[in-house]
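Look at how the two parts of this chain meet.

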There are 2 protein chains.
Amino acid sequence: MAKKVKSPFVGIDLGGTKVLAAIVSPKGRVVARAKNLTPDREGPEAVIAVVTETVRQALQKAEVKPDEVAGIGIGTPGLVDASTGIVRYAPNLAGWDEVPLGPALHKALGRPVIVGNDVDVSTFGEYAVGAGAGCNSVVGIFPGTGIGGALILNGRLHTGMRGSASELGHIVLMADGPLCGCGRRGCAEALASRTALERDLRAAIRFGQETALRDLIDDSDDHIRSGVLAQAARMGDRLMLETLQRTGYYLGLLAGSIVNVIDPEMVIFGGGLIEACQEWLMPTIRNTARQYFINRLDIDRVKMETALLGDDAGVLGAAMLARSTFGEK
Amino acid sequence: MAKKVKSPFVGIDLGGTKVLAAIVSPKGRVVARAKNLTPDREGPEAVIAVVTETVRQALQKAEVKPDEVAGIGIGTPGLVDASTGIVRYAPNLAGWDEVPLGPALHKALGRPVIVGNDVDVSTFGEYAVGAGAGCNSVVGIFPGTGIGGALILNGRLHTGMRGSASELGHIVLMADGPLCGCGRRGCAEALASRTALERDLRAAIRFGQETALRDLIDDSDDHIRSGVLAQAARMGDRLMLETLQRTGYYLGLLAGSIVNVIDPEMVIFGGGLIEACQEWLMPTIRNTARQYFINRLDIDRVKMETALLGDDAGVLGAAMLARSTFGEK
């Protein structure tokens, strides 16, 4: 057993499939972890009970009593009102509509709770102890089913008046462009998400283009795994490389646009697609974005990096958000 | 003569054609003004001398001595480093390259000086004593030759790491779209600026479209005056109305995108084009933007308004920026 940690924070990563909790030292070291499946079809109360239980398991492993905890942070999908701890809605969690997640966890665990959106929280982790450590202002771009975004300005998450800032996937990147999952047209998500990439690959296959993907995937698959995309790219498959090139180009336009709006120190790209395909995506992203920076001075000061924390970003970010909210200043 | 004002601020609006200075009470009342032409071809030193002289004239009219001034604010075109008061470059002012405007004015006038970009400063004026009074977070969009932008977040100008944040005109709104003045393609400026609007009008005229504009404008005119655009619209000219409709649509996509990124309390639209043509532009802007808001909750809390301060926005904004920087907290 490691030396007992003083004033630890609890970081929770609530996802649609699993709940992760970690006990984290004030410096960002994970002391203990616990994990359970999310009973997402059973409604908010069942989910909150599992979250509480997961935290208790992690505390037990770390030999930390609840009242020794300096603060609790939790990242959750959906729209969060950080001031009240209410999850206003969460499309990925069935029946989540105005759920008082923060107050419920506070009641169950007796310690102060800060609730954040999952992408915000993961980016905060990268800012605090990951790729963005040492930076003051960081933008997170996480292409997945949609495109998650986060803004950290002067060391604080910018969540906006209604908690819905940093929806970077819904910057219009191509007026009247392809249909987006949100029902509108030409959003960044409709061009540069993993969903858009798959849509284009499947269309190309349907249209008869020659590609190794035909043998690698099954038309009945729900979605193409990132590993398969990377495998096809490594084989030099032309369709795959061209599609990644296009995805990188649009992600670069998005990053260039957001740099022109925010002028941050760093843009951090994360998520499974970036992780698996960064060697093909990142050069195009960087080149395209830089080309679109309107301010040509000190251009090298704007960094574009990939996330470093992997699956730990959520729990570490939540714990570090709790530290910045409840820790000693 | 009005009652003598206590602890006044000086607001300066340095433009490519004229220099305005005003003595402003801490509550935002203009006590006295002065105005001179900008000797913009004579280089920075000549311009700074005229700025100083203009301030002295305004002080004299207000019967205020320099050492009674609580602080000086100045809005200038170009890229500003607010921390040093250096204008890094200003395409609209000949020979302006790393000009220490703040330090020079401080030396000449003996009072603390804060320097800001002109659009930032005007928007700050609207935030402090204009359309955005009472708001905490405001986005400014000023379509003109380009599209100026400004972000006020939690009561402070967000200028970014390099002073180049809020370049809203260089959000890509149409990947691979029309050529932008910046040399890239599809920027908001290339679609929704006054320059883009004129480009489309002139092309339509060249292509033989029927329009009242043919009689209202001269092909040799440098640019079409806003009043003429409004006149054609009022006459019901179809080309004019369609073009304004398209401009409003793109401005709406821009506003919707930026609301999805920032989630502000208000977006303020200003500048000569908006002022003259707001009755045709604003309904389209509002409808389009709202349609693109990804967060459908509390949608009416996001206001979209036109600027109120007109030509005073620059001096009032500069004075209010000085108040927020040097005034009593």
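How many residue pairs are in polar contact across the interface of domain 1 of chain A and domain 2 of chain A? The model is a predicted one, and with both residues at pLDDT 80 or more, the rule finds 1 such pair. Salt bridges across this interface number 0 by the rule.

Start with the layout. Chain A is assigned two domains. Domain 1 of chain A is written in two segments, 9-126 + 312-326. Domain 2 of chain A covers 135-307. Their C-alpha centres lie 27 Å apart. The contact draws 8 residues from domain 1 of chain A and 17 residues from domain 2 of chain A.

Now take the area. About 1000 Å² is buried between domain 1 of chain A and domain 2 of chain A. Carbon and sulfur atoms give 71% of that area. On the side of domain 1 of chain A, three residues stand out: A:D120, A:T123 and A:E126. Together they supply 49% of the area that domain 1 buries against domain 2, more than any other three residues.

Next, the elements on that side. Two of them give two or more residues to the side of domain 1 of chain A that touches domain 2 of chain A: β5 (79-81) and α3 (118-129) of chain A. The largest share, 5 residues, comes from α3(A).

What classes of residue does this side of domain 1 of chain A have? There are 5 nonpolar, 1 polar and 2 charged residues on the side that touches domain 2 of chain A.

Definitions and conventions
Residues are numbered from 1 along each chain as its sequence is written. Chains are lettered from A and ligands numbered from 1 in the order in which they are written. This is a predicted model: local features need pLDDT of at least 70, side-chain atom pairs count only at pLDDT 80 or more; totals for chains, interfaces and linings use all residues. Side-chain values use heavy atoms; hydrogens and water are left out. Domain bounds come from an automatic or database domain assignment. Contact means heavy atoms within 4.5 Å. Buried area is the accessible area (1.4 Å probe) that two parts lose on being put together, summed over both. A salt bridge is a side-chain nitrogen of Lys or Arg within 4 Å of a carboxyl oxygen of Asp or Glu. A polar contact is a pair of N or O atoms within 3.5 Å; within protein, one must be able to donate a hydrogen and the other to accept it, and residues adjacent in sequence count only if both atoms are side-chain atoms. Helices (H or I, at least four residues) and strands (E, at least two) are DSSP runs, numbered from the N terminus. Ala, Val, Leu, Ile, Met, Phe, Trp, Tyr, Cys and Pro count as nonpolar, Asp, Glu, Lys and Arg as charged, and the others, Gly among them, as polar.
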